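The report below describes selected features of one protein model, taking up aromatic contacts, a helix and a strand in turn.

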Amino acid sequence: MMKTADGRMIAEIFEGWAPRSLALEKDNVGLMVGTLNKPVHRVLTTLDVSNEVVDEAVEKDIDLIIAHHPLIFKPMASIETSGGKGSIIEKCMKHDIAVYAAHTNLDIADGGVNDMLADALGLEKTEVLVPMTEVPLKKLTAFVPEGHVESVRSALGDAGAGHIGDYSHCTFSTDGTGTFIPGDNTDPYLGTRGQMEFAPETRMETIVPETILPDVIKVLESAHPYEEPAYDVYPLDIQGEVMGLGRIGYLSESHSYEGFIEHVKSAFGVRHVRTAGPEPSEVRTVAVLGGDGNKFWSHALKRGADVYITGDLYFHTAQDAALEGLNTIDPGHHIEQIIKEGVRRKMESLIDISVYDITFYASTISTEPFTFR
C-alpha cells in the first residue's frame with residue numbers, strides 16, 4: 001500500500017531544505033492560498049503563478065503549487081475576482097489548489113536558485129557572493145547502549161549531523177556506564193522496574209547545524225533503543241556555514257568573452273543578453289545572482305569577478321559598474337525558471353516517491369513577460 005502525503009508534511013520537508021527563516025525581511029513566503037491540511041497527490045513546481053499556470057494545474061489535477069515568486073507579495077486591500085490576481089486566487093480556491101511560495105529563502109538555500117544557476121554555468125569551487133547569515137552550530141551528545149552505537153552513528157550522519165568541510169559522519173566516542181531506575185509505567189529496553197540498572201554505554205558527540213537540529217533529534221529518538229534517550233545539546237563558538245545571495249566560482253578553463261556570452265545563452269536557454277562595461281580578455285571567475293541583483297554588483301567587483309551575471313539591471317547600475325571596470329551580463333530575470341526542474345528533482349530526492357502516492361511536475365508554461373524581436 002502506498003502512503004498518502006499531506007501538505008503539511010511536504011512543506012515541512014521543503015523547509016528542511018529552504019527554511020522560511022532564511023527569507024529576507026518583508027519577503028512573503030510560505031502558504032499563499034488554500035490549506036496544507038489535506039492529502040496531496042500531485043505537486044506542480046513553477047516560477048510564477050499565472051492564470052495559464054493555474055489552468056495547467058487544473059488540467060493535471062494538481063493539489064499543491066510550489067512557486068518561487070510569491071503570488072501575494074504586497075498587502076491586498078481587496079480580492080476582486082473579475083480580473084488580476086483576484087481571479088487567480090478564486091480559480092485556485094475553486095479547484096482546491098494550495099499555493100506555496102519560497103522566494104529569497106530558496107535563493108539563499110544550499111542547492112537553491114543560485115546554486116542551480118552556478119551549476120548550469122559549470123562553475124566550480126563556488127562560494128556565497130553576498131553573505132547574509134551564518135548558521136549556528138550545536139554539539140549533540142547522546143548516550144547509546146552497546147550494540148547500537150554504529151546504527152545510531154550511521155543514522156545521525158545520514159540525517160546531516162557530523163559534517164565538517166568535505167567530511168561527513170564525524171563523531172567522537174568514549175565508553176562509560178549509564179545508570180537509571182525504570183519506573184512503574186515504563187517498558188525498559190534494559191533493566192527491571194524499580195531496580196537500579198548499570199548499563200555499558202557510549203557517549204557519542206557530533207556537530208549539527210541549528211537549522212536541522214530538530215530533525216536530527218527525531219532521528220536520534222527513532223534510532224535509539226531506549227524509550228527515553230539521554231542527550232545534551234551545547235552551543236558552539238566556532239563559525240558555522242555562511243549563507244547568502246549569489247555565488248562566485250570558476251570555470252574549468254578560460255573562455256573568450258564572446259565564447260562565454262554564447263555559453264551563457266546556452267546554459268539559460270535565452271537568445272539574447274544585455275552586456276555593459278569593459279570586455280575582459282578572458283573569462284574564468286564568474287559571479288551570478290538570480291533575480292534583481294542591482295544592489296550587489298560591488299560584491300562581484302571586490303571578489304575579482306571577470307563578469308557579473310544578474311537580471312533587471314538598471315541603466316545607472318550598469319554605468320556605475322562599468323566605471324569601476326566590471327563587466328555585467330543581464331540574461332533576464334526569467335532565467336530563474338531553472339527552479340521548475342530543480343525543485344521537482346530535489347523534492348523527489350527528499351520524498352520517497354516509491355513509498356508515497358505523490359507525483360511532482362515541472363510547469364511547462366513560460367511566464368516570461370517580454371517578447372524579444
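## A buried aromatic ring and its partner

Phe14 is buried, with a relative accessible area of 1%, where buried means under 20% relative accessible area, exposed over 50% and partly exposed in between, computed with a 1.4 Å probe on protein chains only. This is a predicted model, in which local features need pLDDT of at least 70 and side-chain atom pairs count only at pLDDT 80 or more, while totals for chains, interfaces and linings use all residues. Residues are numbered from 1 along each chain as its sequence is written, and side-chain values use heavy atoms, with hydrogens and water left out.

The structure holds 4 aromatic pairs; rings of Phe, Tyr and Trp (its six-membered ring) pair if their centres lie within 6.5 Å, and planes under 30 degrees apart count as stacked, over 60 as edge-to-face and the rest as tilted. One of these pairs joins Phe14 and Tyr100 edge-to-face, at 5.7 Å centre to centre and with 75° between the planes. The pair links distant parts of the chain, since Phe14 belongs to helix H1 and Tyr100 to strand S6 (residues 98–101), 86 residues apart. Tyr100 also counts as buried, at 3% relative accessibility, and Phe14, Trp17 and Tyr100 form one aromatic cluster.

Phe180 lies in strand S9 (residues 171–180) and Tyr226 in the loop between helix H7 (213–223) and S11, so the pair ties together parts that are 46 residues apart in sequence. Phe180 counts as partly exposed at 23% relative accessibility, whereas Tyr226 is buried at 12%.

## Helix H1

Helices (H or I, at least four residues) and strands (E, at least two) are DSSP runs, numbered from the N terminus. Within H1 (residues 7–17), the buried residues include Gly7, Ile10, Ala11, Phe14, Glu15 and Trp17. They cover an arc of only 145° around the axis, which puts them on the same side of H1; the arc is that of the directions from the helix axis to the C-beta atoms.

## Strand S8 and its neighbours

Strand S8 (residues 137–145) is mostly covered, with 7 of its 9 residues buried. S8 pairs in the antiparallel sense with strand S10 (residues 197–209) over 9 bridges, two strands being paired if DSSP finds at least two bridges between them; in S10, Met204 is the bridge partner of Ala142. S8 also pairs in the antiparallel sense with strand S11 (residues 231–235), over 5 bridges, and Thr141 stands opposite Asp232 in S11.
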